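Hello,

Here is the structure I promised to pass on. Have a look at it first, and then read my notes below.

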Amino acid sequence: MGYLWTSIKLQFRIPISIFFSLLFPLIMMFAMVTSYGNFDIGGGYQFVDKYFLISTGMGMLPIALISFPIWLGESIQSKSYKRLEYFGISSQKIIFSDVCSYILLTVLSIFVNILFGYFVYGLHIPSVQYFIAYILQCLYCNLVLLIFGALLALIIKNTRILMPAGMCLLFMFYIFTGAFSAFSELPKSFQTIGDFLPMKYIMNDLFNVWTQKELFISQFLLLNTFYGIILAAILILVLLRQMVKSKA
């Protein structure tokens with residue numbers, strides 16, 4: 001628990017992490033809902049009930065594509081974990097607590113977004129089982145994104161390149177998932193690409209979970225599981241290859 005608390009405190013010392021994961025989604029929600037108005041979209045729901053899905057996704061992506069890879073890349077480059085072993089500190093526990101801190105930051109980002117939407121714009125809150133189903137599916141997507149982020153850190157070893165690379169990927173995700181315009185209004189080619197991105201379902205299709213029409217989005221679960229298996233396998237192969245090189 002002490003390791004985890006230390007990791008969480010370190011998270012809040014990274015301004016860019018806090019801005020993109022906590023403040024940027026709220027700024028976007030405020031800008032969009034205030035500009036367009038919180039109009040009725042049918043079924044007793046309003047625009048905020050749809051848009052908060054997008055702003056939530058906009059907060060999740062920077063954690064996995066920018067903050068996490070940069071932290072991991074810097075830790076590998078500086079060999080900080082190896083040095084900790086000399087002081088009798090378990091590097092495995094530190095790594096585990098650091099990863100958990102990013103998951104907790106994601107949870108915080110999601111809840112801050114929901115609370116802001118609820119208190120400022122009257123966001124509807126579903127029943128407990130649908131609310132939990134929504135949170136679990138967001139975190140499942142985040143887990144696979146973190147694996148992808150770990151791969152980025154291992155492949156792009158220069159931390160100076162990780163930031164621009166992460167930013168490029170971030171805005172590509174935003175474009176293909178309908179972050180800046182309704183997904184249905186995107187060009188057909190963009191929609192086709194978006195259909196292969198799990199985050200597209202988080203930012204659009206989970207509306208059916210939030211409105212209590214479906215408990216789980218099966219297409220998202222299958223796609224995310226597929227990516228999770230493939231990315232985890234590649235990550236293991238990369239780690240094994242680096243271990244062999246270090247022993248050579």
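**What I found**

The largest nonpolar core holds 67 residues, and Met58, Ile114, Tyr134 and Met199 have the most contacts inside it. By such a core I mean buried Ala, Val, Leu, Ile, Met, Phe, Trp, Tyr and Cys residues joined through side-chain atoms within 4.5 Å, where buried is under 20% relative accessible area, exposed over 50% and partly exposed in between (1.4 Å probe, protein chains only). H3 gives the most to this core, 17 residues. Helices here are DSSP runs (H or I, at least four residues), numbered from the N terminus.

This is a predicted model: local features need pLDDT of at least 70, side-chain atom pairs count only at pLDDT 80 or more, and totals for chains, interfaces and linings use all residues. Residues are numbered from 1 along each chain as its sequence is written, and side-chain values use heavy atoms, with hydrogens and water left out.

Back to Met199: leaving aside residues up to four places away in sequence, Met199 touches Gly57, Met60, Leu61, Cys141, Leu145, Phe173 and Thr177 (contact means heavy atoms within 4.5 Å).

Leu115 lies in helix H5 (residues 91-121). Leu115 is partly exposed, because its relative accessible area is 45%. The C-alpha atoms of Leu115 and Ile125, ten residues apart along the chain, are 9.8 Å from each other.

Happy to talk it through whenever you like.

Best wishes

Notes:
Helix = DSSP H or I, 4+ residues; strand = E, 2+ residues; numbered from the N terminus.
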